Amino acid sequence: MSLERILGNLLLVNVRALQIFLLLTTAFFLPATLVRGELSTGTTHSISFVDLDGNKLSTADGHVTIVVLTTSADREQARIVGDHVPDFCLGNPAYKMITVIHFTRSHMAMGRRMATAFIRHRVGEAAKRLQARYDAQKISRDAKSDIFVVTDFDGTIASQLGQSAEATDFCVFVFGQTGELLAQWHSVPSADELAAALKKSD
């Protein structure tokens, strides 16, 4: 084999190695949000849920929907989001809030039942706090009927919301009536930020 051919083969190998290196480097340094397929504001997402009481819900069912994706460890943050929901949403059938509790570890049937029972207890406490707000606003409605909690034991819902099954990120989303994503945060939005996002649907 001629020296020219040998050099040509070496050059080809080096180019291919460089291409592979650049591909891997690009994937490594891409923002995590792109790698895991984070939802884009302004795009439409029809995501379906079934809550603890068997209610079938969707981000594109004609309501303006707040979706909180949280783990059981971040339940205090989820509570604060609920407290930040503006008064004009309270008892208003045009708005709803869904809390998705994402479990990053696998649970056997017994573990799921225990976790669900604990969550139901927490829902009861949340209903009492919300009822106090309803009473203060003279809203004659059972607050419990406006609390929607969904368990995500296998990461299916988290993935639909742009998170990996192992992710523990706390996320808040606001969807318009047809499922258009109006806003999203990876922390607790302020009351003003949340109100401004909800008003985008008007």
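Buried residues are those with under 20% relative accessible area, exposed residues those over 50%, and partly exposed residues those in between (1.4 Å probe, protein chains only). The model is predicted: local features need pLDDT of at least 70, side-chain atom pairs count only at pLDDT 80 or more, and totals for chains, interfaces and linings use all residues. Residues are numbered from 1 along each chain as its sequence is written, and side-chain values use heavy atoms, with hydrogens and water left out.

**View 1. Overall composition of the protein chain.** The protein chain has six helices and seven strands; helices (H or I, at least four residues) and strands (E, at least two) are DSSP runs, numbered from the N terminus. Their order from the N terminus is α-α-β-β-β-α-β-α-β-α-β-β-α. Of the 202 residues, 37% count as buried.

**View 2. The open five-stranded sheet.** The strand order is E5-E4-E3-E6-E7, with mixed pairing; two strands pair if DSSP finds at least two bridges between them. Strand E5 (148–152) and strand E7 (181–185) are the edge strands, each pairing on one side only. From one strand to the next, the twist averages 20°. Axes are lines fitted to C-alpha atoms, for helices over the stretch in contact, and angles run from 0 to 180 degrees between N-to-C directions.

**View 3. Parallel pairing around E4.** Seven bridges link strand E3 (residues 64–70) to strand E4 (residues 95–102) in the parallel sense, and Thr-65 has Lys-96 of E4 as its bridge partner. E4 and E5 also run parallel, joined by five bridges; here Ile-98 is partnered by Phe-148 of E5. Because four of its five residues are buried, E5 is largely enclosed by the rest of the structure.

**View 4. Helix H6 across the sheet.** Helix H6 (residues 191–199) lies across E3, E4, strand E6 (171–175) and E7. The helix runs at about 165° to E7. Contact here means heavy atoms within 4.5 Å.

**View 5. The largest pocket.** A pocket is an open set of points on a 1 Å grid over the protein atoms alone, where a 1.4 Å probe fits, with protein on both sides within 12 Å along at least five of seven lines; lining residues have an atom within 4 Å of a point. The largest pocket holds about 970 Å³ of space, the volume being that filled by probe spheres set on the points. Among its 40 lining residues, Ala-78, Met-97, Thr-99, Ala-126 and Ile-147 lie nearest the centre. The elements giving two or more residues to this lining are E3, helix H3 (75–84), E4, helix H4 (109–136) and E5. H4 gives the most, with 11 residues.
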